[in-house]
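Subject: Structure handover

Hello,

Here is the structure for you to look through. My notes on it follow below.

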Amino acid sequence: MAEHSTAEAERPTAVQARPRPGPAKYLLRLVVLVYLVLLVAWPVALVGRNAFANGLTDLRGILDDPDVVHALRLTITVAVTAVVINTVFGVGISLLLVRYEFPGKRLLNALLDIPLSVSPIVVGLALVLVYGGRGGWFGPTLENVGFQVIFATPGIVLATVFVALPLVIREVVPVLQEVGDEQEQAARSLGANAIQTFRRITLPTIKWGVVYGVVLSLARSLGEFGAVKVVSGNVLGQTRTATLVVEEKYLNFDKGGAYATALLLTLVAVAAIIVVSVIRPKEQR
Amino acid sequence: MSIEIANVTKRFGEFVALDDVSVSIPSGQLTALLGPSGGGKSTLLRIIAGLEQADSGRVQIEGLDATNLPPQRRNVGFVFQHYAAFKHLSVRRNVAFGLEIRRRPKAEIRSRVDDLLALVHLEQFADRLPSQLSGGQRQRMALARALAVQPTVLLLDEPFGALDAKVRKELRDWLRRLHDEVHVTTVFVTHDQEEALEVADEIVVINDGRIEQIGSPDELYDRPANDFVMRFLGPVTQLGDRLVRPHDVQILPADGHEPGATTGRITRITRVGFEIRIEITADDQVIAATLTRNEFLALHLQLDTTVRVRIAPEIQAGTVAVDSGPNLPATTAVT
């Protein structure tokens, strides 16, 4: 997104050097296309088709079921909360990682990848160990002051924040690295304090990184299953989220209901990604 | 004196960027910090701006002790080598930035920005984004942006380093004229001795974290304090045990009797435009000399001609003894 003054001169030669697409290139495109259709597009489309297998009955069925509606609401509440938390901390940690030198920086960097590499169900178990109301390491203390974490909404938010933690950071860090800190220094020398510099210069520069990170986090948060299943307790009408509804309905042979709920989850995530990719090119040159 | 730097030292890890540097930079003038890359000149500029903190020493700007002030309270304008344009803001908003931060009335901002855009000849580009400007235009925008806040001092860090040779020459010229109009105390960093000699009122030569010499362009060129300054400010050649500029080498016919001349043979003649570069091989050294075309033709020189060379007698200064290292006391020699 940033044009490098030095790279500008090299751009025309790079365009000239690109060879015309030969048969090998077309074959490669075909392979990629078939692969993506078989693995992603076709299965997702089938979910949609199955959701409408009985017309609109299944969709209407789940929207009329107060427990499912509650589950959808809970999912959205949890996802939005988790995204807000992850965005604020994500931007903060990104700035810390890129702009400052401190001991333990590499360790922090490695730690941030754990949520992506550890299975969500392990995350769930780990959280129960710390915040569990009975045997937890920290949980009983919290419960004594009237704050229940595990088997309640805070636990679900916590688990969701954990699994989606690195997504904003991994989008924002490369952008911060690429733009460098000269613009910020220029703003400081023109009289802007730290907050003004962040609001007027840093934030607009990393805007698209943040937006992409938010969309990815949102999609991830809506769809989280494993960690949430462990910490929520899966209580109908209380702590059962949309993904848990899908599983429950599927196991109880209510396939129509399962597909309809799954479709709703998919649509929200896909819609977010489409909206971003539609508005993004307009903003860029 | 406008900027007083006293005993400033700055280390980056093991590397000593500035070693106990003290210098006074005069008000209202254009001062160049000249030196090779990594010599500490940019670090000194950034310490004046507050973008870098000195490990020890003090910085005073117009009588105000700025040593511990953050950059936004020093009222300095800073221009970066790579422009540091705010990419998401139009040219007008870029220039207006400092005024908007200071919450000036809209009408005042508007008229001041218009004046500045006219000053840097960018009126018709006011609504473009920086990415739609050429490098030279971007740097002029950055200058207008720095001047907008009416800084006490204007600091430029290799301002023309990223531009091509032709634009660089134009902007250099333009900066000199701009300074004659605006008169703000200006300090710029460069490693290009021609740029410094052409633009600056005063030059501070910095090398290895130390100041080698301070003076006007003429003083530095004619009376270099040591071997380093002599070599850095222009071409040099060695004649006997003295360093001399090639254009101060006088070529004489072989049959003369002038005192102090060395006999040698012409081994190379290169013509670059109006200038003729000649290499003369004497006993154990190769001496370079430059002549104008007319001088060259008048002397009837050819390859393998035997000639006598000496340092032109009218050059009273401008040569130094070869062995005076950059860190030794200056031994300005008179021939």
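Phe228(B) is buried, since its relative accessibility is 14%; buried means under 20% relative accessible area, exposed over 50%, and partly exposed in between, with a 1.4 Å probe and protein chains only. Phe232(B) is buried as well, at 19%. Please keep in mind that this is a predicted model, in which local features need pLDDT of at least 70, side-chain atom pairs count only at pLDDT 80 or more, and totals for chains, interfaces and linings use all residues. Residues are numbered from 1 along each chain as its sequence is written, chains are lettered from A and ligands numbered from 1 in the order in which they are written, and side-chain values use heavy atoms, with hydrogens and water left out.

Both phenylalanines sit in helix H8 of chain B (residues 227-233), 4 residues apart, or about one turn of the helix. Helices (H or I, at least four residues) and strands (E, at least two) are DSSP runs, numbered from the N terminus. An α-helix has 3.6 residues a turn, so residues three or four places apart point the same way.

Aromatic rings

Over all chains there are 5 aromatic pairs. Rings of Phe, Tyr and Trp (its six-membered ring) pair if their centres lie within 6.5 Å; planes under 30 degrees apart count as stacked, over 60 as edge-to-face and the rest as tilted. Tyr131(A) and Phe138(A) make an edge-to-face pair, because their ring planes stand at 70°, with the centres 6.1 Å apart. The pair Phe228(B) and Phe232(B) is stacked, because the planes are at 15°, and the ring centres are 5.6 Å apart.

Tyr131(A) is partly exposed, at a relative accessible area of 23%, and Phe138(A) is also partly exposed, at 36%. Together with Trp137(A), these two residues form one aromatic cluster.

Two arginines of chain B lie over ring faces: Arg145(B) is over Phe86(B), 4.3 Å from the ring centre, and Arg245(B) is over Tyr221(B), at 4.3 Å from the ring centre. The rule is that NZ of Lys or CZ of Arg is within 6 Å of the ring centre and within 35 degrees of the ring normal.

The two chains

Chain B has 9 helices and 19 strands. Its C-alpha trace spans about 80 × 45 × 30 Å along the principal axes, and 52% of its 335 residues count as buried. An automatic or database domain assignment divides chain B into domain 1 (3-227) and domain 2 (229-333). The centres of these domains, taken over C-alpha atoms, are 37 Å apart.

Helix H1 of chain B (residues 41-49) is mostly covered, with 8 of its 9 residues buried. Among them are Lys41(B), Arg46(B) and Ile47(B). Gly50(B) follows H1(B) and has a positive phi, near 85°.

Chain A has 14 helices and 0 strands. Its C-alpha trace spans about 65 × 60 × 30 Å along the principal axes, and 37% of its 285 residues count as buried.

Pocket and cavities

On a 1 Å grid over the protein atoms alone, a cavity is a set of points where a 1.4 Å probe fits but cannot get out, and a pocket is an open set with protein on both sides within 12 Å along at least five of seven lines; lining residues have an atom within 4 Å of a point. Grid points are joined across faces, edges and corners, and a volume is the space filled by probe spheres set on the points.

The largest pocket has a volume of about 680 Å³. Of its 20 lining residues, Arg99(A), Tyr100(A), Asp181(A), Glu184(A) and Arg188(A) lie nearest the centre. Helices H4 (66-99), H10 (182-189) and H11 (194-223) of chain A each give two or more residues to this lining, and H11(A) gives the most, with 4. By class, the lining has 8 nonpolar, 6 polar and 6 charged residues. Here Ala, Val, Leu, Ile, Met, Phe, Trp, Tyr, Cys and Pro count as nonpolar, Asp, Glu, Lys and Arg as charged, and the others, Gly among them, as polar.

There are 3 cavities of 30 Å³ or more. The largest cavity has a volume of about 60 Å³, and its lining includes Thr75(A), Ile156(A) and Glu224(A). H4(A) gives the most to that lining, with 3 residues.

Regards
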